[in-house]
Amino acid sequence: MDLAAVMTEVAQRLDTIPGLRCSDHFVSDVVPPHAVVPGPEEYTYDATYGRGVDRMTLLVQAFAGRIVDKATRDVLGGYVHGSGAASFKAVLEAHNGSWTAFDTVRVVDVEFGVSTVGTTDYWVATFRLDVIGEGAP
Amino acid sequence: MSKSHSKETVVLLDDNDLSGFLNDSDWTRSPDSHDVTVYGEDNHLFDGGLGNGSTTLAGIYDTSTSSGPAAILQPLVGTVVTFEYRPEGTGANKPSRSVNVLVGEYKETHPVADFVMWTQNLQHSGDVALSTQTA
């Protein structure tokens, strides 16, 4: 798979969520609500013989807002929800069958944490995506 | 003497290259065994009989309705077709094994937390031809 193309296409798909800014690479500054596709956690070659299929775990980080703001909870809830217009899982998986840079994606799980950018503590949800696609592009 | 990685394996069934859909396979040969023990022996004696063999293919399902494993394999179930197995991949001086096979059980599995998978059982039929690939 072309890693850059996969990251860009995932970010473009998330960009359809109303009010969400999206970046297909690491950024030095965020303006929440902001989704960043920083890259894969791991990339596994040779899921089949003959370079047929590769598989990767792709990360997507959602900077929902300042951790001390109650509104951040509501925004993050929409992204984490299993369905709905703001659901990362629903929005990404509904596009299965239409991706061009890879075959299919499943949003496996999400972890939560705090990330400090500058002097601001943001509540961040890190989604892990199971992506499978052609081994030899 | 050196090793060979399985990712290089090439599998051709009825002239269809299934390699890109496979993540596991085996080549099994087993002869008939005849007990020829006679009086006076302390242990069993055996002699070989007819040859036999099988292959099981396993892999990841593909949605293609023309070139995916489901599209290729399901119409072949119950028929005898050619089978070529290249355990070290394709290349000059690499081994090749050819045999006719009865295409047996085709099975799909749908685990909730993983991709759709498939397996195909093949029964070797007749003589096995061992050869060395040319360039």
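I began with burial in chain B: of its 135 residues, 33% are buried (under 20% relative accessible area, 1.4 Å probe, protein chains only). The model is predicted, so I kept its rules in view: local features need pLDDT of at least 70, side-chain atom pairs need pLDDT 80 or more, and totals for chains, interfaces and linings use all residues. Residues are numbered from 1 along each chain as its sequence is written, and chains are lettered from A in the order in which they are written, while side-chain values use heavy atoms, without hydrogens and water.

Next, the fold of chain B. I found one helix and 10 strands, as DSSP runs (H or I, at least four residues; E, at least two). The order along the sequence is β-β-β-β-β-β-β-α-β-β-β.

Then its dimensions. The C-alpha atoms fill a box of roughly 65 × 40 × 30 Å along the principal axes.

I turned to the interface. Chain A puts 12 residues in contact with 15 of chain B (heavy atoms within 4.5 Å). The two chains bury about 1100 Å², 60% of it on carbon and sulfur atoms (accessible area lost on being put together, 1.4 Å probe, summed over both). Thr48(A), Tyr49(A) and Arg55(A) supply 55% of what chain A buries there, more than any other three residues.

Last, the charges. I counted one salt bridge between the chains (Lys or Arg side-chain nitrogen within 4 Å of an Asp or Glu carboxyl oxygen). Arg55(A) pairs with Asp114(B), closest N and O atoms 3.0 Å apart.

Methods. Buried means under 20% relative accessible area, exposed over 50%, partly exposed in between (1.4 Å probe, protein chains only).
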